[in-house]
Amino acid sequence: MFLRTLMHVCLISFGTKVAADCLWYGQCDKTDEEKILNCLYNGPPKPLDATGIEALKEICPELIDENGNADTCCDTDQIATFVGSSQIAKMVLARCPSCWHNFRNYLCAMSCSPNQSQYLYVQETGEGDEDHQSQKTIKSVEYLVSESYTNSFFDSCKEVTNPLMGGKAMTLLCGPWGVASCTGQRLLTYMGDIENGFAPFLVNVSYWNEKTINQHGKTFQPLDLHVVKCDEGIGENISACACSDCEASCEVDELKNSTDSDLDSNVLKIFGDLPDTSTDGQKDNIDEKIGCYARFVNAFESSINRFFTVWGTFCATHTTIVLVSGLVIAGGLTGGIYFFEVITNPIELWAIPTSRARMEKDYFDQHFEPFYRTEQLIIRPTDDSTFTPAGKDDPYGPVFRPDFLSQILDLQLKIEALSAEYNNTKVVLKDICFAPLAPDTKECTVQSVPNYFQNNPIEMGKPNYLEILKGCFGNPTEPSCLGTYGGPIFPFVALGGFEETDYFNATAAVITFLNNNYHNNPDNMAKAMAWEQVYVQFMKDYKNPNMTISFTSERSIQDELDRGSQSDIITILISYLIMFAYIAVSLGQVDQLNRVLIDSKITLGISGVIIVLLSVGASIGAFGYIGLPGTLIIIEVIPFLVLAVGVDNIFILVQTYQRDDRQENETREEQIGRIVGEVAPSMLLSSFSESCCFFLGGLSAMPAVRTFALYAGMALLIDFLLQITCFVSLLTLDIRRQESNRVDICCFIKGSKPNSSKHSKSLLFRIFKNFYAPFLLKPAVRVSVIVVFLGWLCSSAAVISKIEIGLDQELSMPEDSFVLQYFEAIKKYLAVGPPVYFVVKEGYDYSSNEAQNQLCSTIGCDPKSLLMEISFESKRPKKSYLAQESQSWLESYQAWGTGKDCCWQDASTKRYCPEKTDPSCVSCNISTEEIEAGVYRIKPDDFVKYLHVYLEENPKIDADVKCIGGHAAFASGVQLLNDKNNNTKIGATYFMTYHTILKTSRDYYSALQSARRIANKITNTINENLRTENNTKKFEVFPYSVFYVFYEQYLTMWEDTLQNLGISIGAIFIVSFVLLGFDLFSALIIIVTITMIVMNLMGLMYWWKIQLNAVSLVNLVMAVGIGVEFCSHMTRAYATSVQNTRLLRTKEAVIHMGSSVLSGITLTKFGGIIVLGFAKSQIFQVFYFRMYLGIVLIGASHGLILLPVLLSYIGGPGRREQHFTTTKHSGTMQNGKDYLPEKNIETTELIK
């Protein structure tokens, strides 16, 4: 309809009044498409009557002379047709007065000007109708135009915005060339081309540089009118075009490019071998040489040792009481699993409840409706070659083949006919879909190419279907192009695989179904999900050799996540079974083949694993009682963490006993108590520091990280308590069984006695003692280790800031998921990304012209208004991530309200009246006011009064183009409320546009960041312009898109990561400092090593393409905790050593703790992690297999290689003085050898 308007406009005109002849006058015929043809006339222009002059004032006032008369080449009927059909053209172009002025001049000069014979030439004529049989009609003319005028005319209009579509007017006016490829000549040529489906006859525009042309036997003067530039006003009363329609009118400051702040990386200095201040002899008068600090440290450690010795002896003596009590308490806590709730809602899982995005989403959902549930298909023809239809010169994209369009419609109708069963009730699409015209009609919102034809195969099969599509692509709001749901079908949504606006070269068709999101109605939500399940199964089964289809539904991502998790359950179970089997087998120490079944500790190993799992269950149950819900991460990650810590402690405890010899007159229970007194402080150090680390991690605002930290901290604390109670008792029972020569598992069977009471050292212990420790502590090796690890650290520090932030959707899907194909199709074919709404919060006074000026984008609006800013930002999509200009209910309502005969309402109810002929219907008679020359607005008193009528009016196919109601397009975007006096007021509203295609996580959170920048700028501008002495009220505009709530976390991901890691490492430092006897050196070495583990793990994340997100952050926090296991035991062994030098203390610690750390946490985890590499889920492969493998290998390398070297260089003083003080003052410890029988290694042996 809009192009028809333009072509009617092309038939009426103006010019300077000189003596000349006309080419036509009057109307003589109509085409088959009801297009009016002019009568051929070769004579002087004729004077207009009063009616014609009055009509001419609106469109061509320049044609009327100073006396109010006009001689023209058009009669009153032609002018009436012109005025009636030019309203929508004026609605689009009059917002830019200069463009509209030039546009009118061009059209009037062609059709009505008395000078038209100077630049028009009739090329073809036809016969008149029955009433004009003696006259000829115009079939084709040549229009001679100056080339310079053509370019200037185009420049004045090329940036004008179309408020109906949110794009540029040139998208409509320039036809197939669109905005990107449009030029002045293409503009005028397309407007006169009969192939556009709207021109009544052909206007062949020719372009000339000469002033006069001699051809066709006469002299012509090509049209060369004065052109008003878009940044120039017209006279004194008409302003220049606004910024959104003319860049030359803009005064926009350049935005400063922000650069991502790089992370500072501090590189450790290479330490020299600091002098060792410890003494090498002279034990005499040692008490006098020890100061108060040393005495305090000695007393502190002695009290811890004595407590755990007494406690260990008690647990070994009263095994039944301890086991029953421990299992009852742990079992009681585990019972809380019954009350345990799992958070599955992604918003609750990843979005902070008090975050801006979360609150803005809640505001949007409360004031409007939650964003739709979307079902979408991207369809590509198997034959992707272009084709040239009969009678056409240009090729068309493969999706426009008639048979392919028919197949698309057939598929669409089959989907609409699907039904599901829910609670014995049939559910069809119309029960759940978004129907904007409800309750008047239940037609569902479907964006598709067939819906341009209202899904009518007969209409779509017409020979001129491409012309119909061309008109609809140019003006989707044309009533005949509206979909069955009453709203427009945007070509950039219904098509894909094209460049710019070259829609007819599309290689994909898109069908989008919008369904209601019943967030507060579980029953309706279940119905929607039931229908979606049927739809997904239908699409999986659907076969068409002519199509390649990528599809998805709202539930598909969650379904595929669940399927991926379930498919990997077997893999995870195998992983844990391998770890359990290793633990059960490795704990035993077999010296004689005939005692394999006796000396093995399979039962003890399984019991240790059960304790670990019981601690996880007790943690979950404890928070279940409290009512703190958990996440699936707890089930996936915490068992791995607690198993790592728990198994390490189990190995240390068991292997320390196996290496120990019972002292003279010492009972079995006293020996176990002594072993616990020696080992438990180290277990306390690691477990308590890790628990504190995770409990403090509970301060994180991110829900997934907070719940993981709290559950992990509780599980580690319970695991430690069960290990120093129940496991000690279980170890005692197993030792009794072994000493009674009973077979493991089948303890009722007795075996052979041992040949010797002495146990040989394990193979791993001998390797560490005889080969590894001596080699590692060689001077050249130590220097090489420092150099290599510093180089590793520096390389990691250099790339940490380059780690990609986010979680790409593809990683969350199984490798065989149909959703992966859909994600790829989005990137390749779709033209626009998700919609974005700029929401104006409740409280804005829309009836005020000053307030409207802060939002609108036409004449009189503020140059930095909301729509102006969006328009400006959409011109630079790579920075703003905005693909289109915004649709505007405000300007559409103003056009509707200031139009003639648009508003009709019921006289009694004051509601919208659909039938104007109904006696109860009356015209609204909306009052308008002229704010500038030719620019009208609804008066403030009537603005709110009649808004509900506009929002209730349903668009009709046969409706007048200037009277299209806003029910389908804008009713959901304007909230109408009643105040306390029951008067209508406007609540919150939004202005919708689209993001560009967003392919990566960086695109998504950058789009959010940009939208917030734009909204903040708009908010500041509004408040500055509306602030007065008497009005200090503040208004707010915020952006909302459905994905913001998920991607907001990435805006502060680095801050959250550094905060969580900093809190965790700080907690470990404090606990280590205290439990290591206030040993600052040892605590610092632990922190330095853990920090290097984390930094090198982050370096691995960069090289192995692991993104930084909440999942990897949880793993980084876990790496801090596991890092404690790799560092604390060996550091404490060093700190409690009584050897003379750092080198000897280090060697002793490596020999005694190195093998336990390697056989415990390292080898146990390694086998289980390797199995995770075979998981089908990509998220398991990336965030669990890769990161877990990195945690274990990097942690082991730092704990077993770097840490001993650091201790040998900068370790603190040993406990030699404190040890001998303990010997003098403790009645329970005879001497150093009795206290540490395995650690009494002669210096010569250590050096050797």
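Helices here are DSSP runs of H or I with at least four residues, strands are runs of E with at least two, and both are numbered from the N terminus. The model is a predicted one, in which local features need pLDDT of at least 70 and side-chain atom pairs count only at pLDDT 80 or more, while totals for chains, interfaces and linings use all residues. Residues are numbered from 1 along each chain as its sequence is written, and side-chain values use heavy atoms, with hydrogens and water left out.

I then looked up the geometry of this pair: helix 32 (residues 866–874) and helix 38 (residues 1001–1026) pack at about 150°, and their axes are 10 Å apart. Axes are lines fitted to C-alpha atoms, for helices over the stretch in contact, and angles run from 0 to 180 degrees between N-to-C directions. L866, E869 and E873 of helix 32 meet R1013, I1014, K1017 and I1018 of helix 38, contact being heavy atoms within 4.5 Å.

Next I traced the sheet, which is open and has four strands in the order 24-25-19-26 with antiparallel pairing; two strands pair if DSSP finds at least two bridges between them. Strand 24 (974–978) and strand 26 (1037–1040) are at the edges with a single partner strand each, so one side of each has no neighbour in the sheet. The twist from one strand to the next averages 20°. Between strand 19 (residues 835–840) and strand 26, which run antiparallel, I found four bridges, and V839 stands opposite F1038 in strand 26.

Returning to helix 32, I noted that this helix lies across strand 19, strand 25 (984–994) and strand 26, running at about 5° to strand 25. Helix 34 (residues 889–898) also packs on the sheet, where it touches strand 24 and strand 25, and its direction makes about 115° with that of strand 25.

Last, I checked two single residues. E532, in helix 20 (residues 522–541), is buried at a relative accessible area of 0%, where buried means under 20%, exposed over 50% and partly exposed in between, with a 1.4 Å probe and protein chains only. Leaving aside neighbours within four places in sequence, E532 is in contact with R373, E375, S553, E554 and R555. V1117, in helix 42 (residues 1110–1135), counts as buried at 4% relative accessibility.
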